[in-house]
Amino acid sequence: MVELTDIQNTSLRQEITEYVEKVNERQHLIQLYSKARPDLQDIAAAIVAGDHETVDRLTEKALQEEIQALEVMDDGLIAGMALVGIKFRENFIFVPEVLACARAMKAGMKHIEPILSASGIKPVGKVIMGTVKGDLHDIGKNLCIMMLRGAGFEVIDLGVDTSSDDFIDAVEEYEAPIVGMSALLTTTMPNMGKTIEAFIDADLRDDVKFMVGGAPVTPAFADDMGADAYGDSAVECVDIAKRFVATADS
Amino acid sequence: MNTLLNRLEQGDILISDGATGTYLQNHGLEAGGCPELFNSTHPETVHAMAEGYFQAGSDMVETNSFGGSRYMLQKYNLADRVEELNRLSAEHARKAASSDQFVLGSIGPTGEFLEPNGTATPDAMYEIFLEQVRGLTSGGVDGFCIETMSDIDEISLAVRAAKDHTDLPVITTMTFDKGPRGFFTMMGVTPEFAAEKLTELGADIVGSNCGLAIEAMIEIIRAMRSATDRPILTHINAGIPTLIKGDIVYPDTPALMAERIPEMVQAGANIVGGCCGTNAEHIRAFARQLKS
């Protein structure tokens with residue numbers, strides 16, 4: 001069994017010790033980081049530190065050393081964000097820190113994205129993302145989009161204040177089978193249900209899967225409105241999207 | 001000498017008003033519509049709202065200007081009407097107030113993040129707040145309530161804008177969430193830190209509004225009281241909203257909330273009022289409770 005000391009990067013070892021209390025999460029991160037190349041562990045540590053300059057520099061270096069772009073992304077950038085998500089959930093860090101980490105991820109993705117597009121790798125799936133009508137909050141949505149793109153999805157970002165018609169038009173234009181909706185206000189949450197109803201009315205409900213999230217949204221609420229899945233983190237958003245693709249293919 | 005601060009110095013427990021948003025929504029404001037525009041299109045409604053709260057027992061009401069900053073109004077293409085809509089919001093409340101009732105200019109978050117979290121510079125945000133302060137002052141407010149804030153830097157710019165340009169008292173309230181490690185604003189500010197820092201910044205009255213229900217708010221106010229000697233204000237939600245058959249429902253009744261008011265005062269609150277989901281009935285219940 002791998003242990004904490006199998007992780008070469010000292011900062012990652014310290015972070016896990018100090019901030020990851022759940023045993024299964026500890027083990028998962030120990031596995032994740034210890035199997036990564038030390039150079040990529042350093043990238044993960046820089047993501048956790050919200051250090052966009054270091055992430056920029058080390059990502060470029062790793063790619064120059066001909067480490068595969070997907071490996072750099074998975075073991076460096078995404079692996080780092082996993083710990084960020086746990087710290088945020090547990091109130092060890094807050095929105096400003098998460099935004100710094102997201103900026104750091106963006107700095108790394110700047111080098112990765114061109115390689116992924118040029119490689120002609122087909123997107124894993126297509127997702128339409130938007131914050132619902134009347135709601136202007138987008139931090140969570142933007143984080144999810146970054147992670148989805150990082151995971152190989154093609155994402156069409158409809159932005160904020162997105163009407164049911166906007167969602168329908170986008171699904172039709174891009175032939176996207178997955179729609180992600182976000183809301184931060186309880187007053188705009190009902191618009192998620194309204195959008196799903198609009199898809200039913202337009203005879204499009206069976207063509208898409210809906211995933212929803214946002215601070216006031218709950219699994220019960222997601223169920224009530226007829227969504228296909230609820231996620232409470234950007235990481236879970238990616239897992240849900242992958243699940244949708246897998247079940248569609250089967 | 002401002003009578004609001006005098007009354008607090010005398011040890012009076014004062015009552016603020018209830019929700020603005022839900023009132024306007026029940027009187028014609030469409031979901032997603034601009035509340036501040038009602039100051040121009042539905043002046044009687046805005047005036048009646050203030051009157052209703054005063055009649056129910058409010059010692060003070062807030063102006064309908066919560067989203068009245070340039071950043072917020074420009075989303076409705078109303079950026080050129082900042083001064084007008086803020087001034088009108090104060091005028092409508094002023095008209096409903098008697099000589100011993102107060103009008104507080106509501107100033108909410110701008111919706112923008114300061115650098116490096118976002119793109120707003122401190123200077124630009126200061127000017128945004130100053131614009132609102134000026135409009136509200138010309139409309140006749142007795143003070144300002146800078147509320148529903150999460151970020152200390154943002155709130156300090158608003159306090160400075162008010163203090164640099166008026167002699168009116170400034171109230172500042174922040175919104176807290178309860179997480180695994182206690183109460184924090186979205187930006188990581190604790191109630192104790194907020195009380196201490198806002199007092200340092202020169203706020204005359206500090207406190208908390210929105211977010212959680214009365215149970216949690218009592219804890220928050222107690223924590224703030226331990227970190228400041230300033231008067232404390234709280235605007236309390238009528239519970240955590242839930243969706244019942246597509247409608248937002250705030251579950252806490254006037255009676256349920258009023259019952260906890262004495263505990264709230266004991267915890268350190270000097271001014272109590274309602275936030276989301278409350279109405280004149282809640283205020284009436286608070287007033288009855290405090291008289292008994």
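Which residues in α4(B) meet which residues in α6(B)? Before the pairing itself, a quick word on what you're looking at. This is a predicted model, where local features need pLDDT of at least 70, side-chain atom pairs count only at pLDDT 80 or more, and totals for chains, interfaces and linings use all residues. Residues are numbered from 1 along each chain as its sequence is written, while chains are lettered from A and ligands numbered from 1 in the order in which they are written.

**Chain B overall**
- Chain B has 12 helices and 12 strands (DSSP runs, H or I of at least four residues for helices and E of at least two for strands, numbered from the N terminus).
- Its C-alpha trace spans about 50 × 45 × 40 Å along the principal axes.
- Of the 292 residues in chain B, 53% are buried (20 or more other C-beta atoms within 10 Å of the residue's own, with C-beta atoms placed from the backbone).

**The α4/α6 pair**
- On the α4(B) side you'll find Pro43(B), Val46(B), His47(B), Ala50(B), Glu51(B) and Phe54(B), and they meet His92(B), Ala93(B), Lys95(B) and Ala96(B) in α6(B) (contact means C-beta atoms, placed from the backbone, within 7 Å).
- Those contact residues split into six nonpolar, two polar and two charged (Ala, Val, Leu, Ile, Met, Phe, Trp, Tyr, Cys and Pro are nonpolar, Asp, Glu, Lys and Arg charged, and the others, Gly among them, polar).
- Helix α4 (residues 43-56) of chain B packs against helix α6 (residues 82-96) of chain B at about 45°, with axes 8 Å apart (lines fitted to C-alpha atoms over the stretch in contact, with angles from 0 to 180 degrees between N-to-C directions).

Conventions: A residue is buried if 20 or more other C-beta atoms lie within 10 Å of its own, exposed if 12 or fewer, and partly exposed in between; C-beta atoms are placed from the backbone. Two residues are in contact if their C-beta atoms, placed from the backbone, lie within 7 Å.
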